[in-house]
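Dear colleague,

Please read the notes alongside the model itself.

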Amino acid sequence: MTESVVRALYGRAASLNLSSKKINAVPKGVSRLAKLSVLLLNNNSISALPAELLSLQHLVELNLGNNAFKEVPAVLGHLESLKKLYLFSNQITVVPPDVIDGLRNLVLLNLNHNHIQRLPPEIKSLSRLQHLSVLDNKLEEVPVELGHLTMLSEINFTSNSLSWLPKQLCQCKELTKLHVARNKLTSLPEGMGALSKLKVLDVAGNQLSMFPVEFHLLSLKELYYEGNRFVRCEPMLSVQNAEVLTLKELVARLVLREDRNRSSLVHRMLPHYPLLTALLANVSCCAVCLNPFLTTWLECVHFINLKVMKMRSSQTIPVRAVLCSYKCFNTDGHSYYGVATR
């Protein structure tokens, strides 16, 4: 038993700092500190936690950063009072679902600098989580269940292997900072306009060609987007193919237009057809005529000066837009360009 632990026992301490003590195991006696709320074990060589730590039922903050853990210790799933958990700079490859499921009071989770490939769907249990950081790992995907974490204010997925982000991310309405730099993202989820509190977005070093529809309506303070493959505004010859809409698309557009009229028969009857309602749920609107459409559109882009977004830079960014027809595309007075594929 170390001198620090002895002093803590006699003083009935609420916090214990054993960081940088060159220890490879948790000292005996720590589990007897029943009133402990903060335990710092970072910067050591610890590879496992003893089951006796179950007795620390008042523990609120635990720092296990920069140790030798190869997995998230199972005992953590029973420390229900934990609010802050630091596991950065270890050798963790897997986050066990049963451990995550027991950490329902977590407010902060730091898993930076590990070897994690995926987060379990059970992450939805962390309903109070506000800060999630998984920087510098091997994440290949983000679970759609992340959308359940509606109290999240900051997410950091920088330096991973993500090629896409789930649209459910847009349900995290409290999000103020989103860091996804240095991944393999080719697009951002449509619906980001719902993130009305988002102030900082870092997408630098990805493979983006444009920003999603209505991106320019966000109230960003900081935007980092260097090192992507954005489309450029260059005149090119184009061929407009004749539009042949499917019967499904024609009927869908008719139903969607009628549904806008709250006094129409279609609007009154549609709730009685759940399958049809679900089919029409992914509706989009034409950027020119504002009419709805379902599955057939013309991919376009417009170039937005960041000054319009009340940012200091005067650079322009490409923002995606969708049009319902060549008729709208050929209308005078708009600033939308067709997107060429090479």
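Two strands are taken to pair if DSSP finds at least two bridges between them, and the elements themselves are DSSP runs numbered from the N terminus, with helices being H or I over at least four residues and strands being E over at least two. The model is a predicted one, in which local features need pLDDT of at least 70 and side-chain atom pairs count only at pLDDT 80 or more, whereas totals for chains, interfaces and linings use all residues. Residues are numbered from 1 along each chain as its sequence is written, and side-chain values use heavy atoms, with hydrogens and water left out.

On those terms, 3 strands make up an open antiparallel sheet in the order β14-β13-β15. β14 and β15 (337–338) stand at its edges with a single partner strand each, so one side of each has no neighbour in the sheet. β13 (residues 298–305) pairs with β14 over 8 antiparallel bridges, and asparagine 305 has threonine 316 as its bridge partner in β14. Between β13 and β15 there are 2 bridges, also in the antiparallel sense. Valine 301 is bridged to arginine 320 in β14 and to tyrosine 337 in β15, while cysteine 300 stands opposite glycine 338 in β15.

The other sheet to look at is open and parallel, with 10 strands that follow one another in the order β1-β2-β3-β4-β5-β6-β7-β8-β9-β10. Its edge strands, which pair on one side only, are β1 (15–17) and β10 (222–224). From one strand to the next the twist averages 5 degrees, where axes are lines fitted to C-alpha atoms (for helices, over the stretch in contact) and angles run from 0 to 180 degrees between N-to-C directions. As one example of the pairing, β3 (residues 61–63) and β4 (residues 84–86) are joined in parallel over 3 bridges, with leucine 62 bridged to leucine 85 in β4.

Turning to the interior, a nonpolar core is a set of buried Ala, Val, Leu, Ile, Met, Phe, Trp, Tyr and Cys residues joined through side-chain atoms within 4.5 Å; buried means under 20% relative accessible area, exposed over 50%, and partly exposed in between, with a 1.4 Å probe and protein chains only. The largest such core has 75 residues, and those with the most contacts inside it include Leu76, Phe157, Leu223 and Ile317. α2 (97–101) and β14 (316–323) are the elements that give two or more residues to this core. β14 is mostly covered, as 7 of its 8 residues are buried. Leucine 223 touches Leu201, Phe211, Phe215, Leu306, Met311 and Ile317, leaving aside residues up to four places away in sequence, contact being heavy atoms within 4.5 Å. A second, separate core of 12 residues includes Phe293, Ala321, Cys328 and Phe329.

Finally, how many disulfides does a search of the whole structure find? It finds 0, a disulfide being a pair of cysteine sulfur atoms within 2.5 Å. Cysteine 170 is buried at 7% relative accessible area, and its sulfur lies 8.5 Å from the closest cysteine sulfur, that of cysteine 172, which is too far for a bond. Cysteine 285 is likewise in no disulfide, the nearest cysteine sulfur being that of cysteine 289 at 8.6 Å; cysteine 285 counts as partly exposed because its relative accessibility is 39%.

With best regards
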